[in-house]
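Take a moment to look at the sequence and the model together. The paragraphs below go through the structure one part at a time.

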Amino acid sequence: MGSQPLTTDKLYSGYRNPDIIRAYSHKIHQAAQDLDRPVNIMEVCGGHTFSIVKYGLDQLVPDSIRFIHGPGCPVCVLPQHRIDASIALASMEDTILVTLGDMIKIPGSRTSLQHARAEGRDVRFVYTPLDAIKIATENPHKKVIYFAIGFETTTPMTALLIEQSRQLKVNNLFFHINHVLVPPAIELILQQGGHIDAFIGPGHVTTITGTGIYEPFALQHHKPVVISGFEPIDVLDAVLKILLQLCDNKAIVENCYSRSAKPEGNLKAQALVSKYFETREDFIWRGIGTIENSAMKLRDEYVEIDAEQQFSRYCPRATQEKTSGCLCGQILMGHAQPKDCALFGKGCTPSSPQGSCMVSNEGACAAYYRYRRY
Amino acid sequence: MCLAVPSKIVSIDHEFCTATVDTMGVSREANLALVENNVEVGDWVLVHIGIAMSKIDAEEALRTLELHEELLLSSDIQENDPDGKSTSDDG
Amino acid sequence: MADRILLAHGSGGLENQCLIRDIFVAGFENHILSTMDDAAVVNIGTLAVSTDSYTVDPLFFSGGDIGKLAVAGTTNDVSMRGARPLYLTVAFIIEEGFEIDLLKKIVASMASELQTIGVQVITGDTKVVPKGAVDKIIINTTGIGELVCDCAVSHIQTGDQLIVSGPIAEHGACIFAAREEISVHGLRSDCRSLWPGIESLLNKKLHIHAMRDATRGGLSAVLNEWAEQSHHLIHIVENQVPISTPVSGFCEMLGIDPFTLACEGTFVLSVAEQDCQSTLEVLHQAGYPHAALIGTVMEKHAHPHVILQSDYGTERLMEYPSGEILPRIC
């Protein structure tokens, strides 16, 4: 091994090589023929949904293979009352709300952060959460609230922000935590009878958590889980490995993303996460409903920086979601495809989304709308 | 979820635990706190929202690429192109 | 003269006169402007007129500044219609307290860009507004040109070949990085005046049906607008579209689609098939070495759209840009 050094070109173009893509497509067609039955593969992660739709990977597999787009977009699954909370916090006096760009268009029950900003609220979209320290330091007389979003991949970044802000004794920075967890969502989908034969595991979540979190789905539910990166060849490789497992009647956790995801994950990140966070009893997922132990919150000892605690009177209570005849719940469970929904592209578009799957680039409906409308 | 891109470490500032990294010719700052002690200049890291989340295992990256190349060699896609989807660019 | 712009500079009195004479008339010197009459009088044939206002943060960026942009941007729009840009009107709206040295630098940059394309400023205006009423400075320019070759969207036909003059998204990526304070190196705006290159093309009497510079909304906006306005399907081969490595890297890094990022010196042409090769040759000679054939105008269609084909045969829509461009984590 290592006869040639790794280069940028290899890390990008190597995994997008058209000839190899076609070769995988061919192998997948062969394997599907051997298997000779329809297969529903859920890609849990919105990043995979985006890759599949952007690169047209679904056009490279036979019709018997269907991709079911899972609940892996962290802003799509945020319930309206938490979006409303971000707007309510931004509307407090002398407050700057800091969050990531993905949040800008997400509609709450009445409005979105981009509208709040247009109305004069100080809402800042940062490229890295660590910028929140700079903003807090430059505005010592204001409350700066970091509205944290993301799955297991992003939780350590919030933990690092907390760690650094405490080391630097920044005392005007607060945190509203909306970090959610992948395994409980998969578990719920399986329990509720989602028609899923196998899972493509999210490579970047796994890079942090390690591969162990998927074992129950293979051992107890007998579903193959293949962890994959986000390049076209990564995803096709995972699809092929899933088909081969199904052919052999196997159900194990396989790792196709060994260049980044290790069995044990990133221990340092895990330690930092458990220093500051613990599991919530439950969390409402937009389009799905309440899932037990499916999100993180700050540990009790950090109550003084917990925006949910400190400004609880501003944050709206959890409410039942308004449903508007949209099929998001069904789509997330694998029972429907975006184009099955009567609202798709009509009452529901990325600029005026009705349901969770249309609100962010990664949502299944938004991805279809952008790339597959015709 | 979770956009993260491979970037090469160009220099490390140990005092602030940050690095200058190169992403396809664009250089920028990245925080190294989550991969500290584990990386050096010339290594590849995966950067998520400005923070390195893992070191890329170069050996594994090359090994997987080799496996993909082998798959290509073992398949005769010219004749068996599914659905006739092989491209003939009209460039 | 004070080192900062005061409200008095816009009040029509002595300070106002000094500002106009010492900075604008001196900077843009020509005999039409020097008369300082209430209106400029010019005499030309069939006119092509275009107006645009410029606000950019930061004012000075790698590859250009707001002044260069205000000259190139508007004269480029005139050039794209197949007209030779001749005259420009310039209006400045300046925030109280703006540094006079910066204003001088902007005017000098405008003057130098005007010189490269032989365009004269024939009339202008200055307003000074109280601090906070605008962000530093806004420049409006109106370009006036004489029609040489009638290039328009309505001339686009089935079978036309689509050419892009160079690597896309350079300006958008550069400004985005600077504005978001994302410290990246290796990005440079493509901001430049297109007339010299267009002139060589028009001289060759090629069958160029339409041209448009890919400014806001980038390549994707131009192609989607063309599809919609001409009612044709458009087919683009993804890997033929020139994109520089740093811009690709930047877009990968932030999850941004390069097709939707602005250019300020790059344009798209719809050319009759028989003249495609000659057009490319002229462009390559005229300072656009990376000009490339990227696609074809297809048949008319009830729902015209732009299809992007990957080099392994899959297809997707080239999306129409929408919303604010922001880095994403997902």
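**Cores, domains and a loop**

The largest nonpolar core has 229 residues, and the members that touch the most other members are F92(C), L103(C), I137(C), L219(C), I236(C), F250(C) and F267(C). A nonpolar core is a set of buried Ala, Val, Leu, Ile, Met, Phe, Trp, Tyr and Cys residues joined through side-chain atoms within 4.5 Å. Buried means under 20% relative accessible area, exposed means over 50%, and partly exposed lies in between (1.4 Å probe, protein chains only). A second, separate core has 33 residues, including I28(A), Y55(A), V61(A) and I233(A). In soluble globular proteins, nonpolar side chains tend to be buried together.

This is a predicted model, in which local features need pLDDT of at least 70 and side-chain atom pairs count only at pLDDT 80 or more, while totals for chains, interfaces and linings use all residues. Residues are numbered from 1 along each chain as its sequence is written, chains are lettered from A and ligands numbered from 1 in the order in which they are written, and side-chain values use heavy atoms, with hydrogens and water left out.

Chain C is assigned domain 1 (7-147) and domain 2 (153-317), with bounds from an automatic or database domain assignment. Taken over C-alpha atoms, the centres of these two domains of chain C are separated by 28 Å. Their contact (heavy atoms within 4.5 Å) takes 22 residues from domain 1 of chain C and 22 residues from domain 2 of chain C.

The two domains of chain C bury about 1,800 Å² between them, and carbon and sulfur atoms give 60% of this. Buried area is the accessible area (1.4 Å probe) that two parts lose on being put together, summed over both. On the domain 1 side, S62(C), N76(C) and M80(C) supply 31% of the area buried against domain 2 of chain C, more than any other three residues.

Across this interface the rule finds one salt bridge, that is, a side-chain nitrogen of Lys or Arg within 4 Å of a carboxyl oxygen of Asp or Glu. Elsewhere in the description of chain C, the side chains of E199(C) and R84(C) meet in a salt bridge, at 3.0 Å from N to O.

Finally, G186(C) is found in the loop between helix 5 (170-179) and helix 6 (195-203) of chain C; helices (H or I, at least four residues) and strands (E, at least two) are DSSP runs, numbered from the N terminus. G186(C) counts as exposed because its relative accessibility is 53%. Leaving aside neighbours within four places in sequence, G186(C) is in contact with G25(B) and P246(C).
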